[in-house]
Structure formats: C-alpha cells, structure tokens
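Good morning, everyone, and thank you for making the time. I would like to walk you through one protein chain, going from the whole fold to a few single residues.

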Amino acid sequence: MTAPRALQRVCVFTGSSAGIRPEYRDAARDLGQLLAQRGIGLVYGGARVGLMGAVADAALEAGGTVIGVIPQALVAKEIAHTGLTELRVVASMHERKAMMADLADAFVALPGGWGTLEEFFEVLTWAQLGLHRKPCGLLNVCGYFDGLLTFGEHAAVEGFVRREHREMVFVAHSPVALLDRMGRYEPPAVEKWIDRAAT
C-alpha cells in the first residue's frame, strides 16, 4: 500500500455561483471544514460569492488557513473575500492560475462552470505532461460531473487519452473519500504521447 501523501495545501476550483441544488453548497462547506480539521490549507480563487465563498467561509469557521488569489479586475468588482488568512491580488487570470498551482499540493474541482472546468483541465494537462506530480480530483456532488466522466471515457476509447491518464482523475462523492484517495496518489510512469508514428 502506498504511504499517504502529506498534503499541506489543496487548491479548490469551483463556481462563483451556488447552483440550484443545496447539496452543492453543503458539499463545499463540508470540504472546507474537512480541510481545516485535517490541518490542510485551502487555496482558491479569492471570491466571497457562490461556492467559492462557501468553501472559504467553512474552512475559516473551522479554524483553517485560507489563501485567496484574485485578479485586480475582480477586486474592482467588489467580490473579493476580505476576511481570509491571506488575499493575494495579481494582475491577470494567467498569473492567478500559476500562483494557485504553485501554492498547492493537490487540486479538487467542485461543481462550477466554464472557468472551473478550464482551471481543472489545465492542471490535469500539466500532470499528464509531467510538469507536476500532484493529484487531481473531482468531488462529484449529485452526479454533477457524470457527463464529463463519460466524455473522458469516450476520449480514451477513441485513442486521444491514454487509459493511465484517464485514471489520473480521482472521483468521489464525499470529501473524506476524495482526500483519502488523493493521499495515496502515485503518478503514472507513462509518457503523454500516444502514437509517435502518427505525428
């Protein structure tokens, strides 16, 4: 059995909206609270609204450390969370994503929209390319990511994603199960390229 990874900080990608199901907010709060209870810092996008605000507030209420990273343009829209352990204001979305990735030991996506998916797939691609060796997981609340997982399987069947890379995505329905699985992560020993002869 693989020894558990010592996670110091987890980066959470999620929506600035709350969604229509109360279960989404509940899961965000459960994750924030669990991170604090385990002594794991939260890194996230720095907003006070939606599921982003919910996960941050829950971690703070449980005595956790929360680092927000937000572009100046969003601070100007008055959605920045001003009660965090630390709020880092950056110049651009690109700088925001790079800083969040540098600060974290693992990545979790909760339900969210295009921005959440884009952020998650970027760090997942970096893992596939061997640019980092950090686990990536989806908290699949109420089956929110079922369609995405079906697409991932389709991409693997069609030869665009190696099976080993498809299996790099950890999926769980509860924060406890997800963090436990991510703590046992071992990166696959396989190159990204599927078919060099086809290039």
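**From the whole chain to single residues**

Buried residues make up 45% of the 199 residues in this protein chain, and please keep in mind throughout that what you see is a predicted model. If you follow the chain along, you will find that it has eight helices and seven strands. Its radius of gyration is 17 Å, which is close to the 16 Å that the globule rule gives for 199 residues, so the chain is as compact as a globular protein of that length. Along its principal axes, the C-alpha trace spans about 55 × 35 × 30 Å.

Let us now go inside. The largest nonpolar core has 54 residues, and Val 10 and Leu 42 are those with the most contacts inside it.

Arg 166 is found in helix α7, which covers residues 163-166. Is Arg 166 buried or exposed? Its relative accessibility is 19%, and because the cut-off for buried is under 20%, Arg 166 counts as buried. Beyond its neighbours within four places in sequence, Arg 166 is in contact with Leu 149, Gly 152, Glu 153, Ala 156 and Val 161.

Glu 95 lies in helix α4, residues 93-103, and is partly exposed, with a relative accessible area of 36%. Glu 95 and Ile 70 are 25 residues apart in sequence, while their C-alpha atoms are 9.2 Å apart in space.

Finally, please look at the loop between β6 (136-139) and α6 (146-157), where Cys 142 lies. Cys 142 has a phi near 55°, a positive value in a residue other than glycine. Most residues other than glycine have a negative phi. Cys 142 is also partly exposed, with a relative accessible area of 41%.

Conventions: Residues are numbered from 1 along each chain as its sequence is written. This is a predicted model: local features need pLDDT of at least 70, side-chain atom pairs count only at pLDDT 80 or more; totals for chains, interfaces and linings use all residues. Side-chain values use heavy atoms; hydrogens and water are left out. Helices (H or I, at least four residues) and strands (E, at least two) are DSSP runs, numbered from the N terminus. The radius of gyration is taken over C-alpha atoms; the globule rule is 2.2 Å times the number of residues to the power 0.38. Buried means under 20% relative accessible area, exposed over 50%, partly exposed in between (1.4 Å probe, protein chains only). A nonpolar core is a set of buried Ala, Val, Leu, Ile, Met, Phe, Trp, Tyr and Cys residues joined through side-chain atoms within 4.5 Å. Contact means heavy atoms within 4.5 Å.
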